[in-house]
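Please give me a tour of this structure that I can follow in a viewer. I would like to know what to select at each stop and what is found there.

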Amino acid sequence: THSTPITDFYAGRNVFITGATGFVGVTIVEKLLRDVPKVGTLYLLMRAKKGKSVQERLEELKKNSVFDRFKELELESRLAKIVPIEGDVGLENLGISPKDRQILIDNVNVVFHSAATLDFFQSLKETTNINLRGTRRVVELCQQLTKLDALVHVSSAYVNSYITEVEEKLYPSPDDPEKIIQLAETLNDDALKELEPKLLKDHPNTYTFTKHLAEHEVAKVASQFPCGIVRPSMITAAWKEPIPGWTISKNGPQGFFMGASKGILRRLPLDPTLIMDYIPIDVVVNGIIATGFYVNTLKVKNGNRPAELQIFHLTSSTYKPFRFEFLTDKINGYLHEYPLNSAVWYPNLRLVKSLFLFRLGAILFHFIPGFFLDLVTKISGGRPILIRLHKNVWNSLNTLEKFIFTEWHFDSKRLLALSKSLDPVDKKKFIIDIGELTWDEYFANTIRGVRQYLSKESPKNLEKARRKDKILLGLHVVLQLVFYYGIFKLIIGLTGVSSAKAALILPVFYYLFGLI
């Protein structure tokens, strides 16, 4: 492979990555090792967990499905470039030992900060420590690095979710970070919870609030070394690389395709006419890598002084908008094309436009069947989880309502300009322009990927699963006939009307159930 400006930039440069075991982090590692053969050492911030040392966790990481192609591509030797650094963004000084810190200070050229807590329901204490102070700790380390060429901070498009038309610029800080850190340190969780609405103001949750404050931590040092912020929207399965449809994330559509293919999730509160902003993981990773390269070239052009902070949206809403109405007729088709051997019922996913109708439908199609399936599981010695799962969804609806029923438009002009400025080979190798993406093909691949990588079902047993899917369809139809026959009998029993009249009332019930 001949060299390009981006691969030349990363050749021989050492990279420090936080959040390296997460969806974004591990995919950055894979892409750099696969497409930048001469990349230097990749230092990954990792913590010992569940009695496993960082070395053991690294061995686990190397078995991640993101590296599945390394064997056939004969790239396994490149995994030796990974060096784990024990630490945690939630600890003082990132929890890194003085010896390891010195190694980073002397060697690191590029920093990708992708560690964050994604939990929308976490307390302000926790999110302040991980998202805000974690970023401050990374920035403090960057200030000590003697050879730093670029810091790329992975933010989120939703840090500005209190406005619906968002540009690629830094918005005024929602509060004084010192004050928030002080409060998070001194108050207990209950006292903080009480203050929360007043502190968050227009922010929907502590995640977007603390991630917004974190951007300002990066902005403060942008004059000292080259800095870039990327803001992805909802990150979904791979479009092209490493394998179309590959994912290890259960967030967003990936999670609900997983539940739907099992036959467990049957209703989804979504307005199919709204734009949903989804962005494939490979585009996000390419955007991060390209940003690191770009902020450094700006510094070189600027007489070796860092140019201003660069902010890019990795989003689709204003460029390649996706609405579920594109898919409504196809989604169930894809679920039956790639069915699961482990399905408990015939998959049939329906989108419901209102939370009220969704809750009605959930009682009928989620809780009642869930109760019986849990009972069967219990009797056969398994662990019943369905009711718990459906309860969690139910309880999170109010928090997520804003995200479910709001349409945002994230402007991505600067990102597209960055794409145009790239070398023609880089443009193809590090694709950040989603102009060619077709959503239905993409989601067909996603459902196939969810089957293989999340539900862990081999493509080899697809035919067997398809046979089971047909049997489940038969059972599904029988159950519906029994259900409507029961209603038919109930109408006669309760009202005393003739069979012929009861038969005329049945379609009304059929229509009403159709709404939920």
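A cavity, in this tour, is a set of grid points where a 1.4 Å probe fits but cannot get out, and its lining residues have an atom within 4 Å of a point. Keep in mind throughout that the model is predicted.

**Stop 1: the second largest cavity**

Select Leu265, Phe358, Ala362, His366, Phe367, His390, Val393 and Trp394, which line the second largest cavity. Which helix gives the most to the lining? That is α12, with 4 residues. Sorted by class, the lining has 6 nonpolar and 2 polar residues, and no charged ones.

**Stop 2: the largest cavity**

How many cavities of 30 Å³ or more does a search of the whole structure find? There are 3, and the largest has a volume of about 60 Å³. To show its lining, select Ile279, Val283, His313, Leu314, Thr315, Tyr319, Ser412, Leu415, Leu416, Ile432, Asp433 and Ile434. The elements that give two or more residues to this lining are β12 (310-314) and α14 (413-421). By class, the lining of the largest cavity has 8 nonpolar, 3 polar and 1 charged residues.

**Stop 3: helix α7**

Move to α7, residues 189-200, and select Leu192, Glu196, Leu199 and Leu200, which are buried. Why do these residues lie on the same side of α7? They do so because they cover an arc of only 90° around the axis. Residues three or four places apart in an α-helix point the same way, because there are 3.6 residues a turn. Next, show what covers the buried residues of α7: this includes α5 (124-144), α6 (177-186) and α8 (206-221). Then turn to the other side of α7, where Asp190, Glu194, Pro197 and Lys198 are exposed.

**Stop 4**

Select Arg34 in helix α2, residues 23-35. Is Arg34 buried or exposed? Its relative accessibility is 11%, so Arg34 counts as buried, the cut-off being under 20%. Its side chain makes a polar contact with the side chain of Glu30, at 2.7 Å. Leaving out residues up to four places away in sequence, Arg34 touches Arg69, Phe70, Leu73, Leu75, Arg78, Glu241 and Pro242.

From here, zoom in on Glu241 and Pro242. The peptide bond from Glu241 to Pro242 is cis, with omega near -5°. Pro242 is in the loop between β8 (234-236) and α9 (252-261).

**Stop 5: two lysines in loops**

Most residues other than glycine have a negative phi, and most peptide bonds are trans. Select Lys50, in the loop between β2 (42-46) and α3 (54-62). The phi of Lys50 is positive, near 50°, and the residue is exposed, with a relative accessible area of 78%.

End at Lys456, in the loop between α16 (439-454) and α17 (462-495). Here phi is also positive, near 55°. Lys456 is exposed, with a relative accessible area of 67%.

Note on methods
Residues numbered from 1 in each chain as written. Predicted model: local features only at pLDDT ≥ 70, side-chain atom pairs only at ≥ 80, totals over all residues. Heavy atoms only, no water. Buried < 20%, exposed > 50% of the residue type's maximum accessible area, 1.4 Å probe, protein only. Arc of directions from axis to C-beta. Contact = heavy atoms within 4.5 Å. Polar contact = N/O pair within 3.5 Å; in protein donor to acceptor, adjacent residues only side chain to side chain. 1 Å grid on protein atoms, 1.4 Å probe; cavity = no way out; pocket = protein on both sides within 12 Å on 5 of 7 lines; lining within 4 Å. Points joined across faces, edges and corners; volume = space filled by probe spheres on them. Nonpolar A, V, L, I, M, F, W, Y, C, P; charged D, E, K, R; others polar.
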